[in-house]
Amino acid sequence: MNGRAGGTGMIDIHTHILPGIDDGAADWEHSIQMARAAAAEGITGIIATPHHYDGKYSNDKETVIELVAELNSRLSELAIPLKIQTGQEIRIHSEFLSNWQSGKLLTMGESPYVLIEMPSSQIPKSMEQVVYELRLLGVRAVIAHPERNAEVVQNPDRLAELVELGAYAQVTTHSLLGGFGRGIEKSAWTLCRRGLIHLVSSDAHHLEWRSFKMKEAYERIESELGPVWRRYFERNAQAIWNARELSDQPNLVQQAAKSGGWGKIKSLFGK
Ligand SMILES: [Fe+2]
């Protein structure tokens, strides 16, 4: 099966749809219910990103690959118009780079983008080095829901530093729509307006309390930020699905050209 089929529609790059391996879908029945709900919203492609190394769940790449193959085959049998690609939501940990180099970690689909989760309380000291070293290896870190990280909420410049080093950031639909409370909602929109968000996804865990809401979030983005930003986020999710480069931000293209760019950043590290 071509894993990238479905990549021209709405793509969700961060989900917990695989059955029984983390705090997402409990079993195959729930996985299929989630898939039906996603397809009904107009989602055509989902990257399955179970928790990995978060202190509670460990889901090695072989398990993910096997379950994604089975889910795709069940969806096909049930004629549900949705494709799944492999991924992991990897908590930053001390052996991250060595595990990466020994091939133990998954990117999102066949792309050079890897989904990284920080603890909710702070930004670990190793984040800068991991983002930077990955970039040297041709891989880009995508930081999962920074709007829920206490240090970023307090000081968005901390996220801006990671973005300058080469990280991208993903905001969660529920955060934008107020599902995690007013403070997180405010933080999510602040980061969007500062140009520190590159991707929107559901981080869907459950149909009742944490479902997809991709369509609703994109509609809110269109009304708050304009259709250009909606298209930017939609295109970036498709770019990850299809292993292509992300787009330049709508009104930040000129700013990027003016800044010293990557050469300036490298000189900070003496490399
Ligand atoms: Fe997640």
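Contact here means heavy atoms within 4.5 Å. Helices (H or I, at least four residues) and strands (E, at least two) are DSSP runs, numbered from the N terminus. The structure is a predicted model, in which local features need pLDDT of at least 70, side-chain atom pairs count only at pLDDT 80 or more, and totals for chains, interfaces and linings use all residues. Residues are numbered from 1 along each chain as its sequence is written, and side-chain values use heavy atoms, with hydrogens and water left out.

**Stop 1: the iron ion**

Select the iron ion with His14, His16, Glu89 and Asp203. Its protein donors (N, O and S atoms within 2.8 Å of the metal, or 3.2 Å for Na, K and Ca; water is not among the atoms, so sites may look incomplete) are His14 (NE2), His16 (NE2), Glu89 (OE) and Asp203 (OD), lying 2.1 Å from the ion. The angles subtended by the four donor atoms run from 84 to 172°, which makes the arrangement irregular. Four donors count as tetrahedral if all angles lie between 85 and 135 degrees; four count as square planar and six as octahedral if opposite donors are over 155 degrees apart and all others between 65 and 115; anything else is irregular.

Along the sequence, the donor residues follow the spacing H-x1-H-x72-E-x113-D. Glu89 belongs to strand 5 (residues 89-91) and Asp203 to the loop between strand 9 and helix 9 (214-225), so this pair ties together parts that are 114 residues apart in sequence. Glu89 is buried, at a relative accessible area of 0%, and Asp203 is also buried, at 1%. Buried means under 20% relative accessible area, exposed over 50%, and partly exposed in between (1.4 Å probe, protein chains only).

**Stop 2**

Strand 1 is joined to strand 2 by four bridges, and Thr15 stands opposite Ala48 in strand 2.

**Stop 2: helix 1**

Now select residues 28-41, which are helix 1. Which of its residues are buried? They are Trp28, His30, Ser31, Ile32, Met34, Ala35, Ala38 and Glu41. These buried residues pack against strand 1 (10-15), strand 2 (43-48), helix 2 (61-77) and helix 9. After the helix comes Gly42, with a positive phi near 105°.

**Stop 4**

Zoom in on strand 6 (residues 113-117) and strand 7 (residues 140-144), which run parallel and are joined by four bridges. Tyr113 has Arg140 in strand 7 as its bridge partner, and Val114 stands opposite Ala141 in strand 7. In a regular strand the side chains alternate between the two faces of the sheet. Both faces of strand 7 are covered: Arg140, Val142 and Ala144 are buried on one side, and Ala141 and Ile143 on the other.

**Stop 5**

Select Thr173, found in helix 7 (residues 173-176). Is Thr173 buried or exposed? Thr173 is buried, with a relative accessible area of 0%. Leaving aside neighbours within four places in sequence, its contacts are Val200, Ser201, Ser202, Phe212, Lys213, Met214 and Ala217.

Move on to helix 8 (residues 182-193), whose 12 residues should span 16 Å at 1.5 Å a residue; the end C-alpha atoms are 16 Å apart, which agrees. The expected span is 1.5 Å times one less than the number of residues. Buried residues of helix 8 include Ile184, Trp189 and Leu191. Among the elements covering its buried residues are helix 5 (150-154), helix 6 (157-164) and strand 8 (168-172). Gly195 follows helix 8 and has a positive phi, near 75°.

Notes. Pairing = 2+ DSSP bridges.
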